[in-house]
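The tour goes stop by stop.

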Amino acid sequence: MRVLVVEDERRMAAALQRGLQAEGFAVDLAHDGEEGLHLARHGDYDVVVLDIMLPRISGYNVCKQLRAEENWVPILMLSAKDGEYDMADGLDLGADDYLTKPFSYVVLVARLRALLRRGANRRPAVLRAGDLTLDPARRRVSRGQRPVELTPREFALLEYLMRHHDEVVSKSEILEHVWDTFDTDPNVVEVYVGYLRRKIDAPFSRNALQTVRGAGYRLAGDGG
């Protein structure tokens with residue numbers, strides 16, 4: 001398995017390389033964000049270990065750029081930034097895991113193996129359905145260039161539907177994932193679907209949010 005380690009502290013980078021090679025990994029090193037981005041773009045890596053505070057380009061921007069280019073290589077962010085918002089930012093930008101320094105080497109290797117088992121599945125940081133976009137990190141929705149203002153519940157419903165675009169999802173599935181309960185009256189889903197349609201479809205003469213009679217709802221992947 002090929003690993004790219006992007007770490008500007010050269011002693012730590014060399015120690016990581018030696019340790020991972022001892023575990024059977026093939027390891028390449030980059031010591032700044034620009035070099036790391038170049039190698040991640042053009043190398044056939046199974047996983048990237050990415051520091052955040054890097055020269056030239058930050059780890060956040062490396063991750064953001066790769067995901068914008070639809071490069072889904074698994075990324076583990078490794079950083080001394082241990083605040084909860086630092087972790088949230090990294091994960092929202094498209095990283096798959098986040099480990100703070102100092103770290104347990106045993107845990108690092110275990111997490112890398114977990115990422116390798118998971119593989120490089122499509123995990124966009126910004127969700128798109130045609131010209132309808134939803135940015136979970138910035139809590140923004142837009143149709144083309146026009147922003148769409150949603151309540152927190154409407155936003156959560158749209159995010160769930162966009163993550164399952166072109167799939168039919170039932171009211172019970174929506175209640176479980178958006179309301180976190182089965183006990184709420186299922187008709188509330190119908191009410192909120194109506195709210196969403198009036199905001200993301202009706203003003204734009206679109207039909208993205210569709211009712212599948214007797215089965216549930218479907219959000220068209222082409223944006224309607």
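**Stop 1: a loop with a cis bond**

Select proline 102, found in the loop between β5 (97-100) and α5 (105-118). Helices here are DSSP runs of H or I with at least four residues, strands are runs of E with at least two, and both are numbered from the N terminus. Lysine 101 and proline 102 are joined by a cis peptide bond, with omega about -10°.

Before moving on, note the ground rules. This is a predicted model, where local features need pLDDT of at least 70 and side-chain atom pairs count only at pLDDT 80 or more, while totals for chains, interfaces and linings use all residues. Residues are numbered from 1 along each chain as its sequence is written, and side-chain values use heavy atoms, with hydrogens and water left out.

**Stop 2: tyrosine 105**

Now pick tyrosine 105, in helix α5. Tyrosine 105 is partly exposed, at 27% relative accessible area. The scale is this: buried is under 20% relative accessible area, exposed is over 50%, and partly exposed is in between, using a 1.4 Å probe and protein chains only. Which residues does tyrosine 105 touch, not counting those up to four places away in sequence? They are Leu16, Gly19, Leu20 and Glu23. Contact means heavy atoms within 4.5 Å. For a distance check, draw a line from tyrosine 105 to aspartate 46: the two are 59 residues apart along the chain, and their C-alpha atoms are separated by 19 Å.

**Stop 3**

Select serine 79 in strand β4. Is serine 79 buried or exposed? Its relative accessible area is 0%, so serine 79 is buried. Leaving aside neighbours within four places in sequence, serine 79 is in contact with Asp51, Ile52, Tyr98, Leu99, Thr100 and Lys101.

Next, glycine 83. Look in the loop between β4 (75-79) and α4 (84-92). Glycine 83 is partly exposed, at 24% relative accessible area.

Then go to glutamate 70, in the loop between α3 (59-68) and β4. Check its backbone: glutamate 70 has a positive phi of about 60°, although it is not a glycine. With 48% relative accessibility, glutamate 70 counts as partly exposed.

**Stop 4: helix α6**

Select residues 152-163, helix α6. The expected span is 1.5 Å times one less than the number of residues. For the 12 residues of α6 that gives 16 Å, and the end C-alpha atoms are 16 Å apart, which agrees. Colour the helix by accessibility. Glu154, Phe155, Leu157, Leu158, Glu159, Tyr160, Leu161 and Met162 are buried in α6.

**Stop 5: α8 and its two partners**

Two packed helices are described by the angle between their axes and the distance between the axes. Axes are lines fitted to C-alpha atoms, for helices over the stretch in contact, and angles run from 0 to 180 degrees between N-to-C directions.

Show α6 with α8. They pack at an angle of about 85°, with axes 10 Å apart. That makes α6 roughly perpendicular to α8. Angles of 65 to 115 degrees count as roughly perpendicular, under 35 as roughly parallel, over 145 as roughly antiparallel and the rest as oblique. Arg153, Glu154, Leu157, Leu158 and Leu161 in α6 meet Tyr192, Val193, Tyr195, Leu196, Lys199 and Ile200 in α8.

Lys171, Ile174, Leu175 and Trp179 in α7 meet Asn187, Val188, Val189, Glu190 and Tyr192 in α8.

**Stop 6: the ring pair**

How many aromatic pairs does a search of the whole structure find? One. Select tyrosine 192 and tyrosine 195: the ring centres are 5.1 Å apart and the planes are at 75°, so the pair is edge-to-face. Rings of Phe, Tyr and Trp (its six-membered ring) pair if their centres lie within 6.5 Å; planes under 30 degrees apart count as stacked, over 60 as edge-to-face and the rest as tilted. Both tyrosines lie in helix α8, three residues apart, about one turn of the helix. Tyrosine 195 counts as partly exposed, at 33% relative accessibility.

**Last stop: serine 205**

Finish in the loop between α8 and β10 (209-212), where serine 205 is found. Serine 205 has a positive phi of about 55°, although it is not a glycine. At 71% relative accessible area, serine 205 is exposed.
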